[in-house]
Amino acid sequence: MGSVSLKVGDGTARFKRATLCSSAVNLLMILSVLTTNLFALYAFNYSPTHHHHNLNSHKNISLISEHVSQILREIDSSQRKLAKMEKELLGYDSIDISRPNIASELKLYLQHHQLPLGKDSRTGITEMVASVGHSCEKSTDLLSQYMNYKVSGSCPDDWSLAQKLILRGCEPLPRRRCFAKGGSKLGLLKPFPLSLWSSVVDNKVVGSWSGYGCKGFDCLSKKKLSRECVNCFDLAGVENQRYVKSKGKNDFLLDDVLGLGSGGIRIGFDIGGGSGTFAARMAERNVTVITNTLNVDAPFSEFVASRGLFPLYLSLDHRFPFYDNVFDLVHVSSGLDVGSKVEKLEFLMFDIDRVLRPGGLFWLDNFYCANDEKKGVLTRLIERFGYKKLKWVVGEKVDAATGKSEVYLSAVLQKPARG
């Protein structure tokens with residue numbers, strides 16, 4: 001176990017376990033002290049035999065001065081080695097907080113703190129370490145801007161800045177000591193399950209509409225924001241038919257897929273879940289689903305939450321914050337397309353496999369195959385995992401905007417038990 005969490009004040013702090021590297025630091029310190037003492041003992045007891053006393057005194061002084069200089073060089077070299085090893089142990093010191101124009105809050109957050117009672121006997125950890133993405137170092141100016149706020153005041157309207165940092169790999173972001181913006185009035189919530197399909201009014205977005213092309217849900221309900229979100233905010237329209245009525249052979253019905261679940265389906269994870277309709281349909285069947293989404297082009301997270309569902313604000317570059325083998329079902333569509341590099345897709349697929357229990361279902365829902373190569377790469381990757389193919393359909397759809405025929409892959413796969 002690489003880290004544990006301890007509740008401190010209003011949040012958690014991540015701890016670094018003492019490792020073999022820390023033992024190496026202690027050993028290096030001991031050797032440095034012994035070397036320094038030996039040089040000093042040698043310097044002050046060395047007495048060359050010469051006939052002339054004055055000449056001897058002068059030579060002795062020169063030798064002592066030379067040995068002292070050598071001792072100082074050894075100490076300086078040891079200190080540099082210790083500092084380097086300390087940075088490697090801490091892991092987050094790639095962000096140089098001594099740079100100018102670094103926000104004081106960022107400096108305070110990144111400082112490591114020794115445990116008040118010393119080394120923890122059960123875990124071996126010795127200090128609290130701030131959790132912040134290593135790629136933040138590449139965007140230090142933006143990160144410092146994000147951490148420049150009035151302590152105990154209202155947080156700036158900078159959600160778009162935070163999301164820009166996340167999409168640059170600066171994830172997790174540091175915590176802040178300011179109050180997130182909310183609505184000016186306490187709104188009444190619609191009861192569950194009525195909230196699943198009730199229209200959401202604009203003022204239910206407690207954050208800000210700044211940075212969006214649309215300034216209300218009426219505008220969003222008529223928009224195509226992605227391949228998975230075509231009028232997806234129109235809960236009374238086509239969105240109301242998803243997963244219960246099929247428009248083509250690639251559209252699997254929800255009840256049919258649930259019937260394939262070995263041992264039942266209780267909890268699931270929807271990756272790139274848009275406005276949360278998959279989770280809503282599952283909630284109607286007493287299945288709890290977490291919807292992973294970002295607020296790209298629309299306030300998806302607030303909309304999902306307003307329906308009484310669980311949004312997870314996380315990029316696909318982030319390791320899923322779940323333990324191994326916990327989900328009965330993982331649902332994903334074209335959000336699985338994370339770029340042209342095969343390795344990037346592999347990292348994502350292995351993490352999906354990690355959180356899915358043996359016997360659980362992986363539902364690939366209308367994955368857009370831009371070309372045969374993309375389809376071939378995904379097919380070969382899936383076959384490497386040894387999943388059982390319960391449903392596998394490759395079909396074509398006509399894009400309403402371009403009129404061109406496009407190829408999509410839909411599949412329901414079952415994770416095998418691995419000894």
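**Disulfides in the predicted model**

C229 and C232 are joined by a disulfide, with an S to S distance of 1.8 Å; the word disulfide here means a pair of cysteine sulfur atoms within 2.5 Å. The torsion about this S-S bond is about -50°, so the C229 and C232 link is left-handed. Both C229 and C232 are buried, where buried means under 20% relative accessible area, exposed over 50%, and partly exposed in between (1.4 Å probe, protein chains only).

A word on the ground rules: this is a predicted model, in which local features need pLDDT of at least 70, side-chain atom pairs count only at pLDDT 80 or more, and totals for chains, interfaces and linings use all residues. Residues are numbered from 1 along each chain as its sequence is written, and side-chain values use heavy atoms, with hydrogens and water left out.

Searching the whole structure turns up four disulfides. With the bonded cysteines numbered in sequence order, they pair up as 1-3, 2-4, 5-6, 7-8.

Another disulfide runs from C136 to C170, S to S 1.8 Å. C136 sits in the loop between β4 (125–129) and α4 (140–146), while C170 sits in the loop between α5 (159–167) and α6 (217–220), so the bond ties together parts 34 residues apart in sequence. Helices (H or I, at least four residues) and strands (E, at least two) are DSSP runs, numbered from the N terminus. The S-S torsion of C136 and C170 is about 95°, so this disulfide is right-handed. C136 is buried at 0% relative accessible area, and C170 is buried at 0% too.
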